[in-house]
Amino acid sequence: MTSAARAPHDGRLDALAVAVHAEGGRVLLTARGELVHGCTEILAGALAAMPAGAARVDLDAAGVAFLDTAGLAALDTLGEYGRRHTVPVGTTGWRGQPRRVLELMGLDPVDPLSAGLPADLPSRTASAVALERAEQLDVLRLEIEQLRQAMDSRPVIDQARGILMAAHACSPDQAWEILREASQRSNTKLRQVAAAVTVSAAPDGPAPAGPLRSALAAAAARHAGRRFSTAAPSRTESCGRSPARAGRGAAG
């Protein structure tokens, strides 16, 4: 037997749905969507739709994408059903954010009903969800900071690519690979490599430090398809002249 209990249609694609499948004396409830406010009534409806005489009830939560304080109360509804009908109940398949919330609460993420739910379930769930959201916020803040750094670095990297393209008559992709490999060879951040190349192209700009010059020359030899010495080039070579002079030298 298969039936389903669904939330009232509200336009959301992730509204909870619970399918009921009976096989022998075992009933499997398959949940999909979000365990949030209102899902307790949906689960209760699924339990009411089960055939009589079930010997065991299991909830498959693999399709649950999100779990919050109100949603976890649905598990208490399932546990109460088992106590009232003296039927063993369990849950399986927790993953993603719901599993993380269970772990933060100190519950068994394999089957949180195995040891019974704590009496202070609402407060513990609220704390777990708050901590999980705080961790997600920290990750987002880090990603934003990394994006900001990337945006700040983009102009100088593009300038350095143009200088290398003129100096070595190479493509934009080859210029990028020269910068990237020089960064790895010299253990220098990519933005610092690009800044050194850009500064060195000014009429009186300082040449890159010796190790970085060697790394740039070696990378250029590999990626620009030209033979360059790995020794530090003179100030009149590659990264020590202006883009215009480098371009004229490469063209000649």
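**Strand pairing and helix packing**

Thr30 stands opposite Asp60 in strand S4. That pair is a handy way into the sheet of this predicted model, since it sits where strand S3 (residues 26-35) and strand S4 (residues 56-67) run parallel, joined by nine bridges. To get from S3 to S4, the chain goes through helix H1 (residues 39-48), and this β-α-β crossover is right-handed.

What pairs with S3 in the antiparallel sense? Strand S2 (residues 17-23) does, and seven bridges join S2 to S3. Thr30 turns up again here: Ala19 stands opposite Thr30 in S3. So much for the strands themselves; the turn is worth a look too. The hairpin of S2 and S3 has two residues between the strands, and in that hairpin Gly24 takes a positive phi near 65 degrees.

S4 has another pairing to show, this one with strand S5 (residues 89-92). S4 and S5 are parallel and share four bridges. Within this pairing, Asp58 stands opposite Gly90 in S5.

Now for the helices. Two packed helices are described by the angle between their axes and the distance between the axes. For helix H5 (residues 172-186) and helix H6 (residues 190-200), the axes come within 9 Å and cross at roughly 115 degrees. Angles of 65 to 115 degrees count as roughly perpendicular, so H5 is roughly perpendicular to H6. The crossing of H5 past H6 is right-handed. On the H5 side, Trp176, Leu179, Arg180, Ala182, Ser183 and Ser186 make the contact, meeting Leu190, Val193, Ala194 and Val197 of H6. Sorted by class, the residues in this contact of H5 with H6 are seven nonpolar, two polar and one charged.

How does H5 pack with helix H7 (residues 210-223), and at what angle? The axes of H5 and H7 lie 8 Å apart, at an angle of about 140 degrees. H5 and H7 are therefore oblique to each other, because an angle has to be over 145 degrees to count as roughly antiparallel. As for handedness, the crossing of H5 and H7 is right-handed. H5 brings Gln174, Glu177, Ile178, Glu181, Ala182, Arg185 and Ser186 to this contact, while the H7 residues include Pro211, Leu212, Ala215, Leu216 and His223. The contact of H5 with H7 counts nine nonpolar, three polar and four charged residues. Ala182 and Ser186 of H5 are listed in the contact with H6 and also in the contact with H7.

Key: Residues numbered from 1 in each chain as written. Predicted model: local features only at pLDDT ≥ 70, side-chain atom pairs only at ≥ 80, totals over all residues. Heavy atoms only, no water. Pairing = 2+ DSSP bridges. Right-handed = clockwise from strand over helix to strand, strands pointing away. Axes fitted to C-alpha atoms, helices over the stretch in contact; angles between N-to-C directions. Parallel < 35°, antiparallel > 145°, perpendicular 65-115°, else oblique. Left-handed = near helix turned anticlockwise from the far one by under 90°. Contact = heavy atoms within 4.5 Å. Nonpolar A, V, L, I, M, F, W, Y, C, P; charged D, E, K, R; others polar.
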